[in-house]
Amino acid sequence: MTTEFSRVERLDTIGGEERQVTIEADAGERAALARRFGLVSLDRLTATFAIRRDAAAIIARGHVSASAVQSCTVTGNPLPASVREDVTLRFVEPASASGGEDEVELSEDALDTIEIEGGGVDLGEAAAETMALALDPFPRSPDAAAVLKEAGVISEEEAGAFGALAGLKAKLEGKA
């Protein structure tokens, strides 16, 4: 699989001693990632990882930071977004083919586990995915609530059970 921001560390270069790796997306990579993740722009994406091999996996601990511009989901206005995310990843060899589609329950420490593909670990793709997961999936500008109200969309408080009763109460009081 080809990714927009690929920084592969070959397995044969990763030993038991921790090694620092710093990566940064260039302008073309940032533009491609912005398209992929539906961003107005991606102005900066950097990551620093300390990688090492242990008995069963490649461990990468580090920090991902980014500056992006997202669109407000209500108004479409551009909103600056910043990511500063600590991350710990565990890259493992693919599980042997079992022939079946058994349901697997993941333990808490398995949630940030990525299968190794093609003889290396792609720290660029890991950084890009970490950034995307850290961004607000539904960004809203400060004027979003007013725009929604003007369009006739009621707030969550108004839509709740007591909001409906308040409307009924107002109707009953108007008839009395």
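Which residues are linked with R36 in a network of salt bridges? Select E4, R36 and E125: these three make up the network. A salt bridge here puts a side-chain nitrogen of Lys or Arg within 4 Å of a carboxyl oxygen of Asp or Glu.

Before going on, a word on what you have loaded: it is a predicted model, where local features need pLDDT of at least 70 and side-chain atom pairs count only at pLDDT 80 or more, while totals for chains, interfaces and linings use all residues. Residues are numbered from 1 along each chain as its sequence is written, and side-chain values use heavy atoms, with hydrogens and water left out.

**Stop one: R36 and E125**

Zoom in on E125 and R36, whose closest N and O atoms are 2.6 Å apart. This pair ties together distant parts of the chain, with E125 in helix α2 and R36 in helix α1, 89 residues apart. Helices (H or I, at least four residues) and strands (E, at least two) are DSSP runs, numbered from the N terminus. Now colour by accessibility, calling a residue buried under 20% relative accessible area, exposed over 50% and partly exposed in between (1.4 Å probe, protein chains only). E125 comes out buried at 7%, whereas R36 is partly exposed at 34%.

**Stop two: the start of the chain**

A search of the whole structure turns up five salt bridges. One of them joins E9 and R19, at 2.9 Å from N to O. E9 sits in strand β1 (residues 8–10) and R19 in strand β2, 10 residues apart, so to speak across distant parts of the chain. E9 is buried at 15%, and R19 is partly exposed at 30%. Next pick R10 and D12, another salt bridge, with the closest N and O atoms 2.9 Å apart. Here R10 is partly exposed at 48% and D12 is exposed at 61%.

Leaving aside residues up to four places away in sequence, M131 touches F37, L39, L42, L45, V64, A66 and V83, a contact being heavy atoms within 4.5 Å.
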